[in-house]
Amino acid sequence: MNSAYLDLIRIRFLMMLAYRVNYYSGIVIYTINIGAYYFLWEAIYGEQKVLAGFTLAQMTTYVAVSWMARAFYFNNLDREIANEIRDGSVAVQFIRPYNYLFVKLMQGFGEGLFRLFLFMGPGLALVCLIFPVKLPSDLGIWAIYLVMLLFSFLINTQINMLVGLFAFFVENNEGMLRMKRVLVDLFSGVIVPISFFPGWLAVTMKWLPFQAITFLPSSVFTGRITGSEVARVFGIQVVWFVVLIIPIAWVWRQARTRLFVQGG
Amino acid sequence: MFYWSLAAEYMKNYVKTKLTYRADFWIEVLSDLLFQAVNLIFILIVFRHTPTLGGWTEAEVVFVYGYFMVPSGIFGALFNIWNFSERYIVKGEMDRVLTRPAHNLYQVLLENLDPPSLFGSFIGLIIMIVSWGDLGLTFHLMDIIMLAVFTIGSVMIYAGIFTSLTAISFYSDAPTGILPLMYNISNYGRYPVNIYNKIIRFFLTWLLPFAFVGVIPASYFLGRNETGLSDLAPYTPLMGVIVLGIGLFIWNHGVKRYRGAGS
């Protein structure tokens with residue numbers, strides 16, 4: 001029965017592959033974005049050597065890696081789930097002999113793999129050619145980073161699921177989906193590393209799951225976090241992954257008794 | 001007159017739909033504002049770590065952002081056609097639009113009005129007023145007129161660029177991912193353009209004139225004439241007419257090529 005789930009990964013990967021041309025423009029978008037942030041940060045640093053513990057070189061690498069990691073973990077599962085709830089096709093999913101959320105996770109992972117190999121990989125290579133990005137030479141860091149990246153994906157997907165499932169309760173959650181996207185971009189540290197945040201906001205962020213999506217993995221990758229600290233921040237990711245299962249399971253249980261279909 | 005009554009009817013319909021999904025309206029307003037707030041938070045956070053950005057102070061950069069919000073909010077309310085290609089070309093709804101007497105772009109825009117976006121303009125105006133005081137700028141009656149003229153020009157530039165880009169769907173089969181790209185580039189016109197290198201600056205001023213939707217008109221009020229920025233400000237409406245003209249030309253030419261989807 002597990003092979004069915006594995007097949008879902010494969011099918012989604014192939015589906016994405018069929019529409020791959022769209023993704024070439026995506027690489028350009030991300031590269032231009034990274035470029036603009038590069039110039040912006042250069043102007044922000046000016047004469048200063050270090051800001052919030054980041055050198056300009058580390059900052060450039062942080063921005064490049066964070067955006068490219070976003071290319072990997074980003075998915076539209078929230079919108080997919082919300083749409084299936086709204087048009088009622090989720091009802092069919094209920095009677096099938098599999099776990100709907102697990103199916104969604106697998107589809108998201110297939111998409112993630114596609115994005116890893118055809119978006120993040122080539123994108124990072126392109127960015128390294130254009131901007132002074134310094135990748136770590138230690139293979140161990142690469143290995144740890146890949147594992148942390150997997151957890152970025154899992155945690156981001158869990159948040160997407162939670163927001164998507166809210167469609168069960170609020171009929172039309174388009175606004176919420178947009179809001180979530182903005183919040184995740186800001187609080188995960190893609191736009192500004194969390195160590196740049198002013199005191200109270202930085203403290204609040206430490207108690208929210210978002211930093212586990214971008215800030216922690218990217219900090220390890222740029223060498224700002226080393227030694228035993230790495231184990232600690234990885235631990236934070238694992239804890240959030242486990243903790244987030246609880247509200248999802250709860251919402252899912254509640255939702256099954258609340259389904260009402262609009263139209264469809 | 002006919003066009004006005006059409007607009008009024010569509011507005012009535014809009015209100016009716018929104019009354020059905022009432023909570024969503026406010027969440028939409030909130031998420032729009034939040035989106036703007038994120039960019040503002042970025043500026044605020046950055047200035048905790050540096051006194052100036054390419055020679056511009058925090059209050060000045062915030063002022064530029066305040067100005068940017070005004071035209072971008074109006075644009076957002078009128079031009080909410082991000083999914084044009086999917087809805088009108090792929091699903092073939094353009095057929096329906098073309099059988100009616102009003103101009104097709106006008107109808108498409110009316111069908112997609114997004115008034116919550118205007119809250120952004122309102123907040124932008126407040127930001128401008130507040131930083132106007134902070135910066136100790138003197139106020140002339142002329143400034144209100146200039147603000148109105150610049151805003152109209154900036155909205156036309158935005159409208160022209162995005163009309164041209166949306167019209168690409170008439171020419172190419174594959175829905176292009178170019179709109180988000182433009183949306184990102186448009187954000188760079190808000191920052192003092194002198195921080196970018198010459199190529200990007202030229203690009204933002206003359207090819208995709210997003211600098212006219214932010215830093216250039218704002219520098220007129222700030223009286224900053226670095227690299228001739230505020231000298232360019234009076235050309236904002238002219239730029240708007242040219243860019244919107246190009247946009248409409250590409251659109252109308254594109255509509256002639258539209259053949260309808262197979263389904």
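The second largest pocket of this predicted model holds about 480 Å³ of space; a pocket is an open set of points on a 1 Å grid over the protein atoms alone, with protein on both sides within 12 Å along at least five of seven lines, and lining residues have an atom within 4 Å of a point. Its lining comprises 23 residues, with Leu78(B), Phe79(B), Tyr106(B), Leu109(B) and Leu113(B) nearest the centre. By class, these divide into 19 nonpolar (Ala, Val, Leu, Ile, Met, Phe, Trp, Tyr, Cys and Pro), three polar and one charged (Asp, Glu, Lys and Arg). H8(B) gives the most, with six residues; helices here are DSSP runs (H or I, at least four residues).

The largest cavity contains about 70 Å³. Three nonpolar, three polar and four charged residues line the largest cavity, among them Arg70(A), Tyr73(A), Asn156(A) and Asp185(A). Helices H3 (56-73), H7 (139-165) and H9 (174-187) of chain A each supply at least two of the lining residues, and H9(A) gives the most, with four.

Residues are numbered from 1 along each chain as written, and chains are lettered from A in the order in which they are written. Local features need pLDDT of at least 70, whereas totals for linings use all residues, and side-chain values use heavy atoms.

Methods:
This is a predicted model: local features need pLDDT of at least 70, side-chain atom pairs count only at pLDDT 80 or more; totals for chains, interfaces and linings use all residues. On a 1 Å grid over the protein atoms alone, a cavity is a set of points where a 1.4 Å probe fits but cannot get out, and a pocket is an open set with protein on both sides within 12 Å along at least five of seven lines; lining residues have an atom within 4 Å of a point. Grid points are joined across faces, edges and corners, and a volume is the space filled by probe spheres set on the points.
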